[in-house]
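Hello,

Here is the structure I promised to pass on. Please have a look, then read my notes below.

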Amino acid sequence: MPSAHKLEDVGFMRRALALAARGLGRTRPNPAVGAVVVRDGRIVGEGWHRKAGLPHAEVEAIEVAGRRARGATLYVTLEPCAHLGRTPPCVDLIVKSGIRRCVAALRDPHPVVNGRGFRKLRARGVQVEVGLLESEARDLIGGYLAAHTRGRPRVTWKVASTLDGRIADRSGHSRWITGPEARRHGHLLRARSDAILVGAGTVAADDPELTVRAVRTDRQPLRVVCDTRLRLGTRRKLFGLALARGTVVACGRRAPAAKERELIRRGIEVWRLPETAHGVSPVALARRLALEGCHEVLMEGGATLATGWLEAGLVDRLALFLAPRLLGAAGLAWCGPIARGTLRRAPRGRVAREKRLGDDFFLMVELDD
């Protein structure tokens with residue numbers, strides 16, 4: 001049984017994690033971070049990182065605490081920075097404020113941090129403890145960690161399906177398989193993502209906007225369409241004046257240059273990338289997304305695109321919305337054929353979260369590496 005002091009630490013770190021969650025989807029390319037300053041068992045300051053270029057979580061919390069920070073403990077969800085970026089080093093302010101103890105959930109793997117913050121704090125006499133609620137913190141900023149350890153984003157495949165695994169009827173109609181509560185939660189996933197990824201087939205069939213609408217947000221994720229040969233017509237919502245800027249089309253090397261120029265004139269960014277036998281290389285696109293600071297990618301494409309990413313080992317999570325409906329074999333399945341399609345070799349995962357949403361059910365499944 002943990003000591004009372006340990007339980008107190010856990011409670012304050014949970015508060016820091018809750019604060020960090022407020023920044024999800026808003027801090028690109030920075031991670032979402034929360035911080036709490038505690039003195040004599042009471043919170044005297046708290047903050048979270050709101051946007052790249054604005055103060056870091058530690059700075060917000062210490063500024064609220066003011067003189068009460070002297071001799072206090074700082075709980076922070078990620079290692080404080082020790083370098084000058086868009087903002088001054090957090091470590092310098094921590095030391096100057098008189099913080100006595102720093103409890104952090106995670107070391108920051110970014111090459112300009114990666115332990116430097118902890119070393120500098122210890123050298124200045126601050127007691128440093130690392131690893132409290134580490135798994136929760138990792139889950140919160142999994143995309144940032146993946147980008148700086150594996151060179152790619154965390155990819156979540158979002159699926160709205162009937163109980164028998166169908167995402168559309170025999171005519172291709174899919175609106176609406178799930179109810180309003182589930183659709184709102186889907187928009188929350190969009191709001192917490194840096195980019196939304198779809199294939200040309202989805203755009204041709206549904207003409208989506210790929211915007212956050214059902215929840216409040218002050219920013220929209222990047223909209224990315226895979227169209228290997230640039231065959232989509234420009235009379236699509238994504239290519240109109242309202243959405244062109246903030247939309248990217250990923251194509252292959254052999255896509256027509258004239259079509260690329262037309263898209264660029266509309267304000268759309270075009271990424272020419274290597275190809276595989278099935279289209280734009282998932283590995284190359286994942287690497288480009290990470291370089292662009294897109295650490296959390298929500299894939300809403302159809303079975304062809306998403307199955308290709310699954311086969312490439314690039315799908316980390318399934319966000320599965322299940323509706324209590326049946327379409328039968330004539331409906332469109334959400335996953336295509338995979339090479340490991342035997343029970344013994346089938347990809348495995350674990351249910352990380354589950355939630356009832358009206359008449360529907362939501363599962364977040366973490367896939368094994």
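Four bridges join strand β3 (residues 73-76) to strand β4 (residues 101-104). The two strands run parallel. Across this pairing, Y75 stands opposite V103 in β4. This is a predicted model: local features need pLDDT of at least 70, side-chain atom pairs count only at pLDDT 80 or more, and totals for chains, interfaces and linings use all residues. Residues are numbered from 1 along each chain as its sequence is written, and side-chain values use heavy atoms, with hydrogens and water left out.

Strands (E, at least two residues) and helices (H or I, at least four) are DSSP runs, numbered from the N terminus. Two strands pair if DSSP finds at least two bridges between them.

β3 also pairs with strand β1 (residues 34-39), in the antiparallel sense, over four bridges. There, L74 is the bridge partner of V37.

Which way do the β3 side chains point? T73 and Y75 point one way, L74 and V76 the other. All four are buried, meaning under 20% relative accessible area, where exposed is over 50% and partly exposed is in between (1.4 Å probe, protein chains only). In a regular strand the side chains alternate between the two faces of the sheet.

Now the backbone. Most residues other than glycine have a negative phi, and most peptide bonds are trans. Some places here depart from that:

- The R28 to P29 peptide bond is cis, with omega near 5 degrees. P29 lies in the loop between α1 (4-21) and β1.
- N114 has a positive phi, near 45 degrees. It lies in the loop between β4 and α4 (116-123).
- L133 has a positive phi of about 55 degrees. It sits in the loop between β5 (127-130) and α5 (134-140).

Best wishes
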